[in-house]
Amino acid sequence: MCSVSAVTELLSVDEALQRVLEHARPLAAEDVPIASAAGRVLAEDAEAVVDLPRFPSSAMDGFALRAADTPGTLPVVARIAAGRPAPRGLAPGEAMGIATGGVVPDGADAVVPIEQVTDRGDTVVVPAAVPPGDNVRPRGGDVVAGDPVLRAGAVVTSARLAALAAAGVATLRSVRRPRAAVVATGSELRRPGEPLADGEIYESNGTMLTALLRDAGALVDEAAWVADDAASHESALARGLEADVLVTSGGVSVGPHDLVRPTLAKLGATEVFWGVAMRPGKPLSFAVRGDTLVFGLPGNPVSSLVGALLFVQPAVRALQGVREPSARFATGVLGAPVRRGAHRDDYQRARLERAGDVVVLHPVSGQESHMIVRASAADALVQVPRGAGELAAGTSVRYLPLDDRATGA
């Protein structure tokens with residue numbers, strides 16, 4: 001059992017993330033049918049089963065011929081449909097009609113598009129010379145059997161699924177998806193739709209964190225909610241520690257009702273750090289018990305959001321073997337001046353606007369950590385480095401897109 005550590009100095013965001021990723025080792029691998037592989041991460045290279053194309057094929061509807069026979073009028077001795085073999089090889093001075101994807105017959109070294117010739121049925125008039133190799137896709141021009149289609153650590157996107165299927169890959173060796181648990185704490189919390197008494201609020205972090213975990217590839221059950229008493233905390237956190245990742249919301253500060261950290265210590269979790277030099281989200285904790293990663297996020301919704309984006313999602317991606325799991329920041333310019341914090345990096349919510357090739361970031365009003373409705377108007381999280389004074393409009397800054405569909409993302 002480990003006692004809760006005292007904090008003498010806040011870690012920088014980069015230092016804290018490094019400590020998280022040191023503990024986020026890829027999980028075991030499993031075989032996954034390609035039909036179920038979208039979003040999975042490869043544990044091993046996926047190799048082509050066949051050459052692609054499997055045979056020299058036509059890139060156009062037209063006529064297969066010998067380049068040396070052009071220009072000229074050639075007899076059409078056959079017509080080749082896609083999916084059917086060529087009836088025979090092509091003799092000098094002959095042409096064969098061919099569909100896109102059709103097998104280019106032996107002896108042919110070019111295909112002339114149908115719109116560039118005159119098709120007279122039994123003959124074809126080719127008015128200009130055709131270069132050798134024109135419109136012929138060579139066998140193995142895309143990939144050769146045995147060569148990797150995707151490397152280990154690649155995420156299987158929809159486009160990559162097509163590449164794998166075309167190369168004949170039926171099963172992938174993929175890292176197991178992490179199992180995650182979410183526990184929201186607070187006696188004042190009620191589920192949306194329930195009536196509220198004085199002093200009560202609707203619970204929102206559990207819903208948000210569950211979605212963020214699923215977006216990163218985790219398998220998540222419905223979030224649990226516990227009141228501010230020791231027995232409820234111990235029961236819920238003990239169940240959560242059975243997962244690969246446990247994320248809690250609220251109860252990680254030093255008040256009399258902040259029970260998460262001491263309860264985790266009682267349950268055998270070792271705290272790696274508590275407190276990060278960022279705003280919002282300073283009282284963030286990270287602990288481990290065995291192979292389970294435990295994130296204690298603050299209860300204020302925006303603080304919880306920022307902590308999940310910067311630390312929890314990268315850890316979930318790292319557990320799946322993603323090569324570069326950290327949040328992917330881009331670069332834009334400020335559309336208005338922003339004040340800097342002297343001791344903590346600030347992560348401000350902003351709207352994206354594209355001005356030509358430049359992404360302009362306009363901070364939204366209401367940057368307090370409890371203002372989740374104001375934050376919902378933002379589609380970017382702008383990193384404002386610590387320092388004195390303010391950053392002027394037009395200053396180059398890093399930002400994290402909050403919506404892949406956002407302008408400039």
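Aspartate 345 lies in strand β25 (residues 345-355), where helices (H or I, at least four residues) and strands (E, at least two) are DSSP runs numbered from the N terminus. This is a predicted model, in which local features need pLDDT of at least 70 and side-chain atom pairs count only at pLDDT 80 or more, while totals for chains, interfaces and linings use all residues. Residues are numbered from 1 along each chain as its sequence is written, and side-chain values use heavy atoms, with hydrogens and water left out.

With a relative accessible area of 11%, aspartate 345 is buried; buried means under 20% relative accessible area, exposed over 50%, and partly exposed in between (1.4 Å probe, protein chains only). Its side chain reaches the backbone nitrogen of arginine 386 at 2.9 Å. Leaving aside residues up to four places away in sequence, aspartate 345 touches Ala277, Met278, Arg279, Gln383, Val384, Pro385 and Arg386, contact being heavy atoms within 4.5 Å.

In helix α4 (residues 230-240), the residues His233, Ala236, Leu237 and Gly240 are buried. They cover an arc of only 95° around the axis, which puts them on the same side of α4; the arc is that of the directions from the helix axis to the C-beta atoms. On the other side of α4, Ala231 and Arg239 are exposed. The cover over the buried residues of α4 includes β13 (179-185), β17 (224-226), β18 (245-249) and α5 (260-266).

## Nonpolar cores

A nonpolar core is a set of buried Ala, Val, Leu, Ile, Met, Phe, Trp, Tyr and Cys residues joined through side-chain atoms within 4.5 Å. The largest one has 45 residues, of which Leu213, Met278, Phe295 and Phe311 touch the most other members. At least two residues of this core are supplied by each of α1 (13-23), β13, α3 (205-215), β18, β21, β22 (292-297) and α6 (301-319), and the largest share, 12 residues, comes from α6.

Leucine 213 touches Ala180, Val182, Ala218, Val220, Val247, Val312 and Val316, not counting residues up to four places away in sequence. A second, separate core of 15 residues includes Val226, Ala236, Val252 and Val260.

## Backbone features in loops

A cis peptide bond, with omega about -5°, joins leucine 52 and proline 53, and proline 53 is placed in the loop between β2 (46-47) and β3 (57-58). A cis peptide bond also joins arginine 279 and proline 280, with omega about 0°; proline 280 is found in the loop between β20 (278-279) and β21 (285-289).

Technical notes
Polar contact = N/O pair within 3.5 Å; in protein donor to acceptor, adjacent residues only side chain to side chain.
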